[in-house]
Structure formats: structure tokens, C-alpha cells
Amino acid sequence: MKFTDGYWLMRPGMTAHHAAAVADAVVADDRLTLYAPVRNVRHRGDTLNGPLLTVDCWSPAEGVIGVRATHHAGRPSPGPEFALSTDGGGHASTRQEGTTLSLRSGELTLTVDTAGPWQLDFTAGDRRLTSIGPRGTGFVTDGEGRHFMVARHALGVGENVYGLGERFTPFVKNGQSVDIWQADGGTSSEQAYKNVPFHLTDRGYGVFVNHPGRVSYEVGSEAVGQVQFSVEDQSLEYFVVHGPSPKEVLARYTALTGRPALPPDWSFGLWLSTSFTTDYDEKTVGRFVDGMADAGVPLSVFHFDCFWMRAYHWSDFVWNPDVFPDPAGMLRRLKERGLRISVWVNPYIAQRSALFAEGMARGFLLRRQGGGVWQWDKWQAGMALVDFTNPGARAWYADKLRELLGQGVDCFKTDFGERVPLDVAWHDGSDPERMHNYYAQVYNETVFDLLREERGEGEAVVFARSTTAGGQRLPVHWGGDCESTFEAMAESLRGGLSLGLCGFGFWSHDIGGFEGTPSPALFKRWVQFGLLSSHSRLHGSTSYRVPWDYGEEAVAVTRDFTRLKNRLMPYLYGAAVQAREHGTPTVRPMVLEFPDDPACRALDRQYMLGDDLLVAPVFDEGGAVEYYVPTGVWTNILTGRRVTGPGWQRETHDFATLPLLARPGSVVPFGARDDTSSSTWADGVTLRVHSPAGSTGTTTVVPGRDGAPAATFTVRGEGDTVTVETDSALPWRLLLVGAEAVDAAEASGAAGAVAARATGRAAVEATADPLGALYDCPAGTFRLTVPRR
């Protein structure tokens, strides 16, 4: 929200009051409380008839400093509040040197000079991160009597701002006005389903605004050298989160707001949907499943979208008997084929639903402030919202879903939750403005907690559209309604990259686009992109997304990339464990992995999938793609082609390939099975080694299905020698990418030939692979002599 009219003036009706100086300060061992008048105090009379801001500064966790500026404190917040985890304190300290006060937590220090004009400086070591100057703390009132608390943080020269949820606007947020306000606006507008009041910059810090309602940002827009954020309230609280690396910022931020649960391994396989308004019944479902099997496309989850229920009855959670006369039998037959089952739900109860009268009578539906159930006719005729602030309503809703779990359903697509009204009275007295964004959190928590209770830890997964800060604890989230165009495909990626920089570890999107019907070329390119995301779902609106509708080549592309993803599961699940333990997303903006490379800071048409794989989706009908590689020799894992960075590459790819490059020196584990995402990945795992260098070694952990290490490999490279050490009790394979395989007879005497010898064992023979030299290895330590290439 903009308040000023240029540099000198305020907009009509706006009156600003900014902290001018520190009139008094209270210094405790681990916090500062500053009292700031909004005008300079020249004499005692100036202490009268004017506001005094109270600014509390403390640390909820190491490397994090909180600031809360309050005008009038007499109106306690009715809630809701973000659920935050703190470490109990004891790590922050204060210091006073003359008129200068400081608060330090970890390497992060807040400094204020009580004798000068108002200024808060945040530093790490001798480096200034940001500062809050004379116009940086205060409040603004308008002609309607509204009261906005406002903060401004300085931006350095060349500093870039990222995050603020899943935003489809430009990836770098500088110059944008952003409202943190849930909306069902598709992927082609400034609105967003997933709004998170957290941003980070490439200067080594992030800022989390601890307010679940509308937070209005002006990112280098109203004041071009400042990030401004404001809330309509009497108090504004935010946390400055130090890194210094972007990954460390996310680690600290997610330690505060929560880290993702680990999704079940089967959820990483391919999901196939009925699509939305298409005609489908049990025969259609059977035809789809049979067709995928006949085409050799491994399918993990089948999803039933909205019309599994009767029209006008959403949601009553009853299968349409005219279309699915034997739902329990149908689900049993699908599960006998190894499939998991997902069904669509939403938090709305249509008037024709049998649950409407029941929910109204029991007080489970959201009410208007003047009494009566809130209703409208958008989406569903006469629909109401479940009031999830009522514990009874949560249990009631969960019990309806529990019946579906008993029929054989495994998970739910938790759609909607954005269009939440303001002229309502919540059961627990929550403030309607604050509940508007937060509604999605209690909705998804209700469903996720049920799944965890019924299916067990590690088996719960939702496919959610709407979320806010803390929602990363409840995976997975998908990108919402996009068009079937290359432009929308790029929009979706921008949204996912921004969401990942808010600590969301797992993200998906509708392969082929939702609105419209993709061209065969677009479908095939989106299949590649979708199967190189953490989660992968074929879904549309008015048209099916079965690959044979887009040609035989589309079937081959879907088959090959589904099987590739299944083979990558030991690598992808390792990245998933990183998300659970550190808050690092699986789909990563380049700036997250390469923060010191200036060329990576604005890249939004490529990404890192985990630590070591660079993905550049093709957004062109003819297969042309332009992408950037950082320093080193990168290897395309599909073709073996090597490119050397730093620099830009221009290539043209057929539909069998795209830029999918292994990082220099990386060791990427491939599973032995390509027909399922659920297997014992350490059994027969292949380590693809790309130019190992350095005696310190690269450690690769192959996880088990519970996320715990199942096997650990350490690869060292020195000169012509590669050494692999492992604790694996299972057979495994080693692929030296780019090396030449020579049989054992030649190896003993051929100069520069490849030989392998296990400690205490006979030589291990190499076989030729299109990408290099391949060894079948027992457990133990190997020393391999390889030619310089």
C-alpha cells in the first residue's frame, strides 16, 4: 500500500507519524525496549499531546532478531497467530557503550544510537545487512480512520528481493507492489493462492512479518531504495533472519515457522487425474489405468477430481452412485494393481449437501456477524464454509474423510480455501481479517492430521492449493490453475521458485496446463518439466491428460521421463530429507545454490533439482533453449554432452532430451528399478560419478524409505585414482561418466586403461556404457585407476 505522493508529500487523507529518536530505553540482559516519540523533544512541553512508540527488540532464536513496534497497546490481538518455535533463549546479549545500545544473537547485531536520529542498523561482523532509518518505523492514518503500522528496510545497491509466497510475477520482486492476501486468481495475475509474509535478499538475510492477515509490501516501488511493509493494526512485529547464505537463512526461518514432513515415497511417482469437468466413470478410469500399463508408463496414484461427487452436492463426500456404483470395489481393484487413491475435497458445504443442515444445526458452519450462516452462490449454490476454528467442526469434517479412508482412499487434494469472507464471526473469536489468510492453514492441518493419525507418520500427504507461513509443514502444494501455454508453464516455474524461497520443500503443477488443451509439443515439454519436479501430476480442466491423446511420441516421452524419475528416487528422496531437516527445497532457484555467482541472481527459467542436477525446461515449440551454467564442467545425464561454465548455452533439443546437467564433481545415485518410486534404493544403486576431484571426498547417502541412511558412499579423486568407500551390505554399481571401459585382460598392461581392484578381492571388470565405464561392485573399498580424460 502506498502512502506518499513522491518524496515530499503524503497522499490525500494520509497522515504519517514516524519514530524520530529514542527518548528512553530499558536494557535487559537479552532484550532492548526503546521508547520513541514521533517528533523531536526540545523541552518538556514536547512530551505532551503526541504519540510515543514502544519498540521491543529481542531474539527468539540464534541469528534471529525480533522487532515489535506498538502504538496503542490496549487492544490485544484476538488471533489467530502463526505457530512459532523458539529455542528457549539464552543466546542473545545486550551491550551499552556510551549512547550506543546493541543486541546480538549469533553473528547478527542490532545497533541503535540513542543520541541521534532514529536508526536501527542490522550488521553481521563488519557488514551492514540493512537499516531502518528516520522514516522506517511508524504509523499512518487515513481519512477513513484506518490505522496502519509501517516499517521500511533499506536496500543496498544491486540488492535483490525474493519470496513472498508462490508469486507468478517476475522472480526478483524489486519494483513490485505485493499484497499478502489469499485469492483464487490463477497463475496469470498478481494474485496468489500461497501468500507468505517472508522475503529474503541476496545480501545474506531475510525478514518475516509475524502477521497472518493482510501485509502490504512496496518492494523498491514507493520508496525505490526501501522494502516497505505495512499492516492495518496497532502493532507490527517482524524478525530479521541472518544467513549468511540463502540456505542458512531458510534453515533459521523454517526452524522458527516449521519444516516439512517427509512425504511417502509413493507420492513421488506419477499421479494421473480424471481432470475436472471431463466425462468419466469407472469404465473411463479402468481405460486410463489399462492404457498407462499397456504403454509401459508406471503409475503411482490415481486421482478422482470434483465430480466423483454429485453436482450441487459438494461437499457431501458421497460417491455419485450413477457414475461409481461400487466405489469400495472399484478402489479395491485399483489398489490390487498397486495404485494409491487420491480424491478431491474442499472446505465448502453446498446447500443441497446433506451435510449443510447437519453442520448448521451443530454450529459447524461459519456465521455472519449479524447471525445466520454465511452463504453465497459462487462455486457451489448456497455454499457455506466449515468453521475450522471450532474443534467440533474439525472433528466432524475429519470423520467424514475418515469414512473415505476406510473405503480405500489414501490421500486428499485439498482444494480452495482462498475466498474467505470478512463479514463473519468465527467460533473462537478470531479476527476476520487475520483469518482470511490463515483459514487454509487450519483446513489443511485438519486433513493432514487425520491422515497422520490413520495412516501413520511418514504416510500423510495432501495436494494443497492454498497456504501461508507454516504451511510448509504439510506437504505437498501444487501451483493452481494455469493455462495450457508455454507462457503459463514459465509462470508456474516462477511461482514454484518463489515458494521454495519461503521454505516449501515440495511443489507440483498441472502437467499440460489446466485451462485449455495443450498442443502435443507443449504437452511433451511440460511432461519433462513435471517429472523433474518433486511431485508430478497429469491434470486438466475440460480435457484429459492421458498421453496417447497427444500422440505416440507423447506416450514415449511420458514413459521415459516417468521411469527416469523413478530411477532418480534415491537422489530425490535424499533431497527430500534435506527439506525435512534443513528447510531446503527440492526445486531450488539457482541463486540458492550459487549465491556468489551474479549471473544466477535473476534466473527464473531453470533450477537445481536437489544439490546436483540443473534443469532447464524447454519453453519453445521448436525445442530451442537458452540456459546458464556456473563454473566447471557440467554433464548432461541424458546424452553425456559436456558444457563448460561459466557461460550461457544455446541448444535445440528433440522431445527425448532437455538440458539436465550433473554438477561438476557430483555423485548422483540412480536406483535399479524404474517401474516404481517405492523400492529398496540401496539394492543395486548405481553411483554416477562426474569428474571427482579432491582428497576430501564427496559423501553420498542413499536413504531408506523412512528417510534414514541405508548406505553411505564416499568418493575421492586424486590424479588418476578414484577411491570409493562404503558401508553398504548390498551390491551396487559404479558408473565413471566419460571414462573408457577396458576388459580385465587388457587392464593389467594397457597404459591409461581402466582397472578396478577391491581390497582383498580380485579385479572388478568394467563394461562399456554409453556414458562411461560401468562396474558391478560388492561391498567394500575400491581403488580404481582411470585415464585422464
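**Two helices, close up**

Mentor: Let's start with the angle: helix 5 and helix 6 lie oblique to each other. Keep in mind that this is a predicted model. Helix 5 is made of residues 391–407 and helix 6 of residues 432–455, and their axes come within 10 Å and cross at roughly 45°. Angles under 35 degrees would count as roughly parallel, and 65 to 115 as roughly perpendicular, so this pair is called oblique. As for handedness, the crossing of helix 5 past helix 6 is right-handed.

Now look at who touches whom. On the helix 5 side you'll find Arg394, Tyr397, Ala398, Leu401, Arg402 and Leu405. Facing them from helix 6 are Val442, Tyr443, Glu445, Thr446, Val447, Asp449, Leu450, Leu451, Glu453, Glu454 and Arg455. Sort the residues of this contact by type and you get nine nonpolar, seven charged and one polar.

Next, let's zoom out a bit. An unreviewed UniProt entry annotates residues 260–574 as "domain: Glycoside hydrolase family 31 TIM barrel". That stretch is 38% helix and 11% strand, and its end C-alpha atoms are 14 Å apart.

The C-alpha trace spans about 100 × 70 × 45 Å along its principal axes.

Conventions:
Residues numbered from 1 in each chain as written. Predicted model: local features only at pLDDT ≥ 70, side-chain atom pairs only at ≥ 80, totals over all residues. Heavy atoms only, no water. Axes fitted to C-alpha atoms, helices over the stretch in contact; angles between N-to-C directions. Helix = DSSP H or I, 4+ residues; strand = E, 2+ residues; numbered from the N terminus. Parallel < 35°, antiparallel > 145°, perpendicular 65-115°, else oblique. Left-handed = near helix turned anticlockwise from the far one by under 90°. Contact = heavy atoms within 4.5 Å. Nonpolar A, V, L, I, M, F, W, Y, C, P; charged D, E, K, R; others polar. UniProt positions renumbered as here; feature names shortened; annotations may be inferred.
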